[in-house]
Amino acid sequence: MVTFGIVIARGYGRPVNIYTDLERPPLRAAALRRALVVPGGFWTDLRVVEETGSTNADVAAAARAGAPEGLVIVAERQTAGRGRLGRQWQSPARAGLALSILLRPAVPAARWGWLPLLAGVALAEAVRRVARLDAYLKWPNDLLLQGDRKTAGILAEGVGDGAVVVGIGLNTTLREHELPRPDATSLALAGAASADRDPLLRALLRSFEEVYGRWQAGDDAGVREAYLFHCGTIGRRIRVELPGGSTLTGIATGVDPDGRLQVTDRSGEVHTVAAGDVVHVRPDPAADPAAAPTQETTG
């Protein structure tokens, strides 16, 4: 018998799972709940579903129905995942982590721009700890590996009534022919010491609980320091494609107290960016190293 890509055999009077893809075992929901949903802990519920359109949509629906902060929904396969700017995201079953978290921050909404950055810190820490890879962040929502190859994305969405859903998609065992775009990669392709989703998910959620708790408690300096440590955008020459079609080129020099990117242009003026698509611009060896960045506008 075959169901959901798993062969179900009979042995010793009970079903035995023999995975058709040994590199992609299913998550063990009960074990994850025992480890993470504990009395006095932050996580209130953890659900693993075989397939869904969008975990963000599922958590948003739960939020509107009154679910408490700390709900996590993980999908073995997501068929209509969304990134920033409405981009679609999907991958083969069990080839990555696709999850969404329900938050109800007790801080002013003006500071919620930090939420995808906090998730990025937790994700980078988890990948470094479990996969032993030098992962780094691109502001505001991507996790990159060597060569600026994207292995994860983050999407935070307000859903009303003080609730925010943070979605995370991480490529763990995607193979070369399964990659969604030429500049993407997976932990396995990058030579990870481990691409096992179980310890990655545990490490991610524990790291997020810690950094989110610090942010809620007002440890702004510590949280900002953690983000800057993991961020590969700061100090880089970048191009920011802004809402409305304009483009800002300059050096990323920092993030402000609300998590917005600070970009210094050729004239030395500092621009604060709340939203935009960031491109890490590779240096041109033929260019004058002393040349400063410029601001340009597209039609």
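The residues lining the second largest pocket divide into 14 nonpolar, four polar and four charged. This comes from a predicted model, and the pocket in question holds about 340 Å³ of space. Here is a quick tour of that pocket, of a helix that contributes to its lining, and of the chain as a whole.

**The second largest pocket**
- In total, 22 residues line this pocket, and those closest to its centre are Trp 112, Gly 113, Pro 116, Ala 156 and Ala 274.
- Two or more lining residues come from each of α3 (115-131) and β11 (149-160).
- Strand β11 gives the largest share of the lining, with five residues.

**Helix α3**
- Helix α3 is largely enclosed by the rest of the structure, because 14 of its 17 residues are buried, where buried means under 20% relative accessible area.
- The length of α3 agrees with expectation: at 1.5 Å a residue, its 17 residues should span 24 Å, and the end C-alpha atoms are 23 Å apart.
- Just after α3 you will find Arg 132, which takes a positive phi of about 60°.

**The chain as a whole**
- The protein chain has five helices and 18 strands.
- Of its 299 residues, 47% count as buried.
- Among contacts in the chain with a separation of 6 or more, 64% are between residues 24 or more positions apart.
- The accessible surface of the chain comes to about 14000 Å², and carbon and sulfur atoms account for 53% of that surface.

Conventions: Residues numbered from 1 in each chain as written. Predicted model: local features only at pLDDT ≥ 70, side-chain atom pairs only at ≥ 80, totals over all residues. Heavy atoms only, no water. 1 Å grid on protein atoms, 1.4 Å probe; cavity = no way out; pocket = protein on both sides within 12 Å on 5 of 7 lines; lining within 4 Å. Points joined across faces, edges and corners; volume = space filled by probe spheres on them. Helix = DSSP H or I, 4+ residues; strand = E, 2+ residues; numbered from the N terminus. Nonpolar A, V, L, I, M, F, W, Y, C, P; charged D, E, K, R; others polar. Buried < 20%, exposed > 50% of the residue type's maximum accessible area, 1.4 Å probe, protein only. Contact = heavy atoms within 4.5 Å. Areas by Shrake-Rupley, 256 points an atom, 1.4 Å probe, with all protein chains shown as cover. Expected span 1.5 Å × (residues − 1).
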